[in-house]
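Hi,

Here is the structure I promised to pass on to you. Have a look at it first, and then read my notes below.

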Amino acid sequence: MCLGIPGKLIATFEDRGMLMGKIDFGGVFKTVCLSLVPEVAVGQYVIVHVGFALHIIDELEAQQVFAFLEYMDDLDELQSDESNGCELGIVEMDRETPIADNQETST
Amino acid sequence: MRFQEEYRDPAAAHKLRRAIRAATTENWTIMEVCGGQTHSIVRYGIDELLPPEIELVHGPGCPVCVTPLELIDKALAIASRDEVIFCSFGDMLRVPGSRSDLFEVKAGGGDVRIVYSPLDCLKLAEHNPERQVVFFAVGFETTAPANAMAVWQAKLRGIDNFSVLVSHVLVPPALKAILSSSTNRIQGILGAGHVCSVMGLEEYFPLASMFRIPIVVTGFEPIDLLEGILRCVRMLERGASGVENQYARGVKPEGSLAAQRVIAEVFEITDRKWRGIGLIPDSGYRLSPAYQHFDAELRFPVSDLEVLESDGCMSGQILQGNLKPHECPAFGKQCTPDHPLGATMVSSEGACAAYFNYGRFLGASPSSSR
């Protein structure tokens with residue numbers, strides 16, 4: 001269902017009217033159909049499932065996970081610097097998507 | 001490998017584990033939808049990293065596992081035909097039908113072939129014009145665009161000796177059925193990342209609203225799963241419901257419009273029976289009228305099927321999250337990947353296979369017994 005692997009697009013070509021690509025999976029190369037991501041450019045990374053590229057990986061978003069983890073690092077440092085036992089509460093920081101994407105309602 | 005290694009970093013996992021511990025003050029039951037997520041959780045021991053208040057329940061996201069027994073039996077009947085080259089994804093081969101499986105049909109002389117992509121079948125059909133190539137099109141929404149493209153290409157290029165046996169199922173109706181059940185204990189959901197890469201987030205807002213439940217669309221690597229769990233726990237702790245997208249690098253809110261277009265062209269929604277669960281209305285795809293010519297069920301009608309479900313198999317309970325694999329009396333004994341009672345023990349996304357292959361509860365290691 002969900003076995004999608006990230007790989008780098010290194011070349012494109014046409015086969016019987018379909019846009020195809022050569023994908024580099026860390027040294028293993030496969031031919032993949034790019035019809036579902038026609039706007040893809042060589043050098044971009046895609047998620048591949050059953051021989052089709054499904055999605056172009058958003059590199060900016062990919063960084064967000066690590067930015068968040070770095071922030072947690074900073075909070076940790078602050079916490080360990082505090083000598084008066086005051087609770088900072090890591091729970092305050094949330095890496096939430098913008099309101100438009102995240103229709104949260106409180107119960 | 002980029003976009004994999006960094007999401008398996010132990011130091012990052014440790015940080016997220018501590019954050020989850022800090023955030024958790026009550027008991028919570030969270031379900032991961034996708035079998036691929038289940039495998040990752042078991043493989044990396046994610047569930048064992050969590051505080052004891054959090055229970056992970058495995059969802060029905062294994063399309064091979066939920067394909068009805070009747071359809072497996074039909075596949076076996078079609079694959080046994082002399083003129084047919086029967087193609088499927090690898091893990092379908094050992095799924096037990098009423099009396100046999102595709103592997104046995106192959107061993108008995110049937111032309112059964114494992115393919116990586118549905119496009120491989122088109123090549124086979126072109127190179128074997130005197131044979132009938134039938135593809136077992138099993139999957140959730142993730143696989144639907146690929147299967148739709150193959151059928152669309154077949155029609156475009158006039159590849160008439162190709163047909164598909166369709167077993168496509170949809171996540172949102174399954175979630176609705178599970179959450180509506182009187183025995184439901186699931187309070188939060190980790191949504192299936194790649195399903196949403198295709199379909200987007202839109203269908204999940206009404207579900208979150210109707211059941212007042214947090215749904216965090218999550219990826220598959222350990223860091224993804226831990227971050228998904230953290231975000232879900234935080235929402236639960238503050239009584240929030242709604243949809244969040246942890247797997248933003250792989251999912252746009254609108255999904256893949258190109259994929260949705262080809263799905264809409266080739267498929268239409270239909271009722272589907274889910275093995276172990278029963279009929280769920282509007283929960284699957286069938287070929288739309290313009291493409292029915294490629295329907296293997298119409299091309300090779302199979303009648304007189306006597307379906308015989310295994311007595312000891314509890315995969316239905318496992319797929320609904322009511323039972324864990326090791327709680328089934330047959331687990332690891334009468335039922336192993338070599339001689340499975342049901343699909344969950346052989347599918348690459350089956351929960352029983354995950355537990356068995358990663359050595360859970362087989363007596364070898366001191367795993368937590370939750």
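Below is what turned up when I went through it, starting with how the chains meet.

One thing to keep in mind: this is a predicted model.

**Where chain B meets chain A**

How many residues of each chain take part? On the chain B side, 70 residues are in contact with 50 residues of chain A. Together the two chains bury about 5,000 Å² between them, and carbon and sulfur atoms give 62% of that area.

Nine residue pairs are in polar contact between chain B and chain A, counting pairs with both residues at pLDDT 80 or more. As for salt bridges, there are two between these chains. In a salt bridge of this kind, the side chain of B:Glu126 meets that of A:Arg16, with N to O at 2.5 Å.

Which parts of chain B make up the side that touches chain A? Several helices and strands each supply at least two residues, including helix 7 (118-127), helix 12 (222-237) and strand 9 (240-245). Helix 1 of chain B gives the most, with seven residues. Sorted by class, this side of chain B has 37 nonpolar, 17 polar and 16 charged residues.

Over all chains, the count comes to 21 salt bridges. One to look up is the pair B:Glu55 and B:Arg185, whose closest N and O atoms are 3.0 Å apart. It links distant parts of the chain, as the two residues are 130 residues apart. You'll find B:Glu55 in strand 2 (residues 54-61) of chain B, while B:Arg185 is in the loop between helix 9 (171-180) and strand 7 (188-192).

**Cavities**

Three cavities of 30 Å³ or more were counted. What lines it? There are 14 residues around this second largest cavity, and B:Met314, B:Cys328, B:Cys335, B:Thr344 and B:Cys352 lie nearest its centre. By class, the lining of that cavity has 10 nonpolar residues, four polar ones and no charged ones.

Cheers

Notes:
Residues numbered from 1 in each chain as written. Chains lettered and ligands numbered in written order. Heavy atoms only, no water. 1 Å grid on protein atoms, 1.4 Å probe; cavity = no way out; pocket = protein on both sides within 12 Å on 5 of 7 lines; lining within 4 Å. Points joined across faces, edges and corners; volume = space filled by probe spheres on them. Nonpolar A, V, L, I, M, F, W, Y, C, P; charged D, E, K, R; others polar. Contact = heavy atoms within 4.5 Å. Buried area = accessible area lost by both parts, 1.4 Å probe. Salt bridge = Lys/Arg side-chain N within 4 Å of Asp/Glu carboxyl O. Polar contact = N/O pair within 3.5 Å; in protein donor to acceptor, adjacent residues only side chain to side chain. Helix = DSSP H or I, 4+ residues; strand = E, 2+ residues; numbered from the N terminus.
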